[in-house]
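Here is a walk through a multi-chain model, taken one piece at a time. Keep the viewer open and follow along.

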Amino acid sequence: MAVQSSFKNMTLCLFAVCIVSSALLAAVYAVTEEPIAEAEHAKTVRAIAVVVPEFDGEPVADTIEVAGKKYPYYIVSKDGEPAGYAITSSASGYGGPVKLMVGVTADRVIYNTTVLSQSETPGLGAKCTEPAFADQFKEWNPAEKTLKVKKDGGDVDAITASTITSRAYAVAVETAVAVYDAIVAENNKGE
Amino acid sequence: MEYILIIISAIFVNNILLSQFMGICPFLGVSNKLSTAAGMSGAVCFVITLATLVTYLFQYYVLVPLEIEYMQTIAFILIIAALVQMVEIVLKKISPSLYQALGIFLPLITTNCAVLGVALMVVTNEFSYGGSEPHLLNLGESVVFAFATSLGFGLAMILFAGLREQIALNKVPKPFKGIPIALVTASILAMAFMGFSGLV
Amino acid sequence: MGKFQLITKGLVKENPTFVLLLGMCPTLATTTSAINGMSMGLATLFVLVLSNMAISATAPYIPDKVRIPAYIVIIAAFVTILQLVMQAFTPDIYETLGLFIPLIVVNCIVLGRAEAFANKNSVVDSACDGLGIGLGFTLALTILGLVREILGSGSAFGFKFISGDGILVFVLAPGAFMALAYLIVLFKKVTAKKGE
C-alpha cells in the first residue's frame with residue numbers, strides 16, 4: 001500500500017501535492033476570472049436598472065467621499081441628460097450590514113431601492129427585500145416625507161416585529177440622499 | 001466601547017455554536033462529560049485565537065499583495081493544520097500537565113469548522129456594531145472577535161455538557177437515545193440564546 | 001460489492017446525516033429551505049466525487065505519515081475550484097451558502113471517505129462511493145430543508161401554499177436542531193422496522 005515514510009519523500013510528496021494543486025487552481029482561476037467579473041457586473045447592472053428610470057448607454061461608475069467614507073455610485077443618462085444616480089449605501093441592521101442600491105432622479109426624488117445584500121432573520125427582517133415593505137420607497141420625496149420609521153416620528157411603515165431592520169433600511173436610504181446632495185454640490189462647484 | 005460590543009455579540013448574540021452552526025461535531029461528540037467539554041473548549045480557545053492572528057496577517061501581508069486571494073481556503077487550512085501540530089509539540093515540551101489536559105483534543109481541532117470559519121469570517125465579512133458603519137475588522141478587533149467567539153464556544157459547550165450529564169441520569173425514550181435527545185436539548189438551549197438577540 | 005450497491009448504500013444504510021451523523025454544521029446551517037439544502041448537498045457531492053477519485057489515484061505514492069495533510073490539500077484544491085466555478089456561474093447560490101462553501105474542506109464526510117474508502121479502493125469504486133455518499137447527503141439536506149421550509153415559511157421549493165407566515169422558529173436556529181432530531185428518530189424507526 002502506502003510507501004515507507006522518510007523525511008525526504010515526505011517533504012517531496014507534500015511539496016509536489018502543493019505545487020500541483022496550486023497550478024491547477026491558477027489555471028481554473030485564469031479561466032473563471034472573466035466570467036466572475038461578468039457575473040458581478042451583470043448583478044450591478046441589474047440592480048441599477050431596477051432603481052433608476054429608463055436610460056440609454058452604459059452607466060458611468062464614480063465614487064464620492066462623504067464624511068470620510070467612500071460611496072460608489074453610477075450615473076445614467078437619457079438623451080445626453082443625466083437621468084438619475086444609483087447610489088450604494090449601507091447601515092447596520094439586526095444580523096449585520098444591510099446594503100442597498102438607491103436610485104435618485106435629477107429632481108431629488110427616490111425612484112426605487114433594492115437590497116444588494118443583507119443577513120437579517122429569515123421571515124422577519126429579511127422581509128425588507130419584499131415589495132410589501134420596499135415599494136413604499138418608490139417615488140419617495142425626501143423633502144416632503146421624513147426617512148424615519150413611524151415609531152421615531154417619521155413616515156416609514158416598519159416591518160412588523162423588525163423595527164431595527166426597518167430603521168437600518170431608512171438610514172441607508174437617508175445616507176444615499178445625503179450622498180446625492182454631495183454629488184450635486186460637487187457638480188455645481190465644478191461648473 | 002466597540003470592543004465590548006464585539007465581545008458581547010460574539011459570546012451571546014451570534015454564538016458560534018447555537019446561531020452560526022460552526023463546530024457542531026465536537027459540540028455533539030465530546031459533550032458527554034463536563035470535564036472533557038471544558039478541555040475541548042480550552043484547546044479550541046487557544047487555537048482559534050492563534051489561528052485567526054496568523055491567518056489575518058497572512059491574508060493581508062501575503063495573499064493580498066500577491067493578488068492570489070483565491071488561494072485563501074487552501075492556505076488557511078494548511079496554516080491551521082501546521083499550527084495545531086506546532087501547538088501540540090510546544091505544549092508537550094513546556095507544559096506536560098496542560099498537554100495532558102488538552103493534548104487529546106488537539107488533533108480533532110484541525111477539522112473543527114469553527115476554527116477555519118472564524119479565520120475566514122474576519123477577512124471576508126463586514127461587521128457593524130451599535131449602529132456603526134459596516135466595515136472589515138482590523139487586526140486588534142479580529143483577535144478580540146476570535147477570542148470572544150471561542151469563549152462563546154466554551155460557554156455553550158459547558159452548559160450543554162452540564163445538561164447532558166443530567167439527561168444521562170433520566171429515562172429517555174429509546175429512539176431518542178444519544179444524538180436525538182442531545183439535538184432536542186441543543187434546540188432548547190438555542191431558543192434560550194435567542195433571548196440575547198437584538199442586544200447589540 | 002457491485003458498483004450499484006456502492007452508490008445505493010450511501011442513501012439509506014450508511015446515510016451520512018441520519019446514520020453516521022457526520023457533517024452536521026452545513027446540515028444545520030444551510031437547510032433554511034429545500035433549495036438551499038439541495039444546493040449545499042450537490043456542492044458537497046461535487047467535491048466528494050472528485051477528491052475521492054484524486055485521493056484513490058495518488059494514495060499509493062503518498063507516504064503514510066503525511067497522508068492527512070496531503071489529503072487536506074487535495075480536498076481544499078477542489079473546494080476552491082468549486083468556489084471559483086460557483087462565483088462565475090451561480091453567483092446567487094454562492095452568496096446564499098456563503099462561508100459554508102469553503103467550509104466543505106473541514107466537512108468530516110469528505111476527509112472521512114478519503115480515509116475510510118478512497119485510499120484503499122480503485123478510482124472507479126471511489127467515484128461510486130463518493131457519488132453514493134454525496135447523494136445520501138444531498139437527499140438528507142433536501143428533506144431537512146423541505147421540512148423546515150414547509151413548517152417555517154409555508155412553502156415548498158419556493159412555492160408558497162399558505163398566505164402569511166409559517167411557524168417561524170423552524171427557519172431559525174432552534175428549529176434546525178429540533179427538525180433534525182425528529183428526522184433522525186423517524187429514520188431510525190423506519191429502518192429498524194425494515195430490518196425485522
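A:Y85 has A:V104 as its bridge partner in β4(A). That pair belongs to the 9 bridges that join β3(A) to β4(A), and the two strands run antiparallel. Strands here are DSSP E runs of at least two residues, helices are H or I runs of at least four, and both are numbered from the N terminus. Two strands count as paired if DSSP finds at least two bridges between them. The hairpin of β3(A) and β4(A) has 4 residues between the strands, and A:G96 takes a positive phi near 145 degrees there.

A word on what you're looking at: this is a predicted model, where local features need pLDDT of at least 70 and side-chain atom pairs count only at pLDDT 80 or more, while totals for chains, interfaces and linings use all residues. Residues are numbered from 1 along each chain as its sequence is written, and chains are lettered from A and ligands numbered from 1 in the order in which they are written.

Now carry on along the sheet. β4(A) also pairs with β5(A), antiparallel again, over 6 bridges; A:V102, for one, has A:T113 as its bridge partner in β5(A). These two strands form a hairpin as well, with 4 residues between them and a positive phi of about 60 degrees at A:R108 in the turn. β4(A) is mostly covered, with 7 of its 9 residues buried (buried means 20 or more other C-beta atoms within 10 Å of the residue's own, exposed means 12 or fewer, and partly exposed is in between, with C-beta atoms placed from the backbone).

Step back and you'll see 5 strands of chain A in an open antiparallel sheet, ordered β1-β2-β3-β4-β5. β1 (56–66) and β5 (110–117) of chain A stand at the edges with a single partner strand each, so one side of each has no neighbour in the sheet. The twist averages 25 degrees from one strand to the next. At the β1(A) end, 8 bridges join that strand to β2 (residues 69–78) of chain A, and A:I64 has A:Y71 as its bridge partner in β2(A).

What lies across these strands? Helix α1 (residues 7–51) of chain A does, running at about 150 degrees to β5(A). Angles run from 0 to 180 degrees between N-to-C directions, and axes are lines fitted to C-alpha atoms, for helices over the stretch in contact.

α1(A) also meets another chain: it packs against helix α4 (residues 67–89) of chain C at an angle of about 5 degrees, with the axes 8 Å apart. That makes the two helices, α1(A) and α4(C), roughly parallel (under 35 degrees; over 145 is roughly antiparallel, 65 to 115 roughly perpendicular and the rest oblique). Overall, 25 residues of chain A are in contact with 30 residues of chain C, contact meaning C-beta atoms, placed from the backbone, within 7 Å.

How far can you trust it? The model scores ipTM 0.87 and pTM 0.87. Chain C averages a pLDDT of 89, and 98% of its residues score at least 70; pLDDT is the predictor's confidence in each residue, from 0 to 100.

Definitions and conventions. Two residues are in contact if their C-beta atoms, placed from the backbone, lie within 7 Å.
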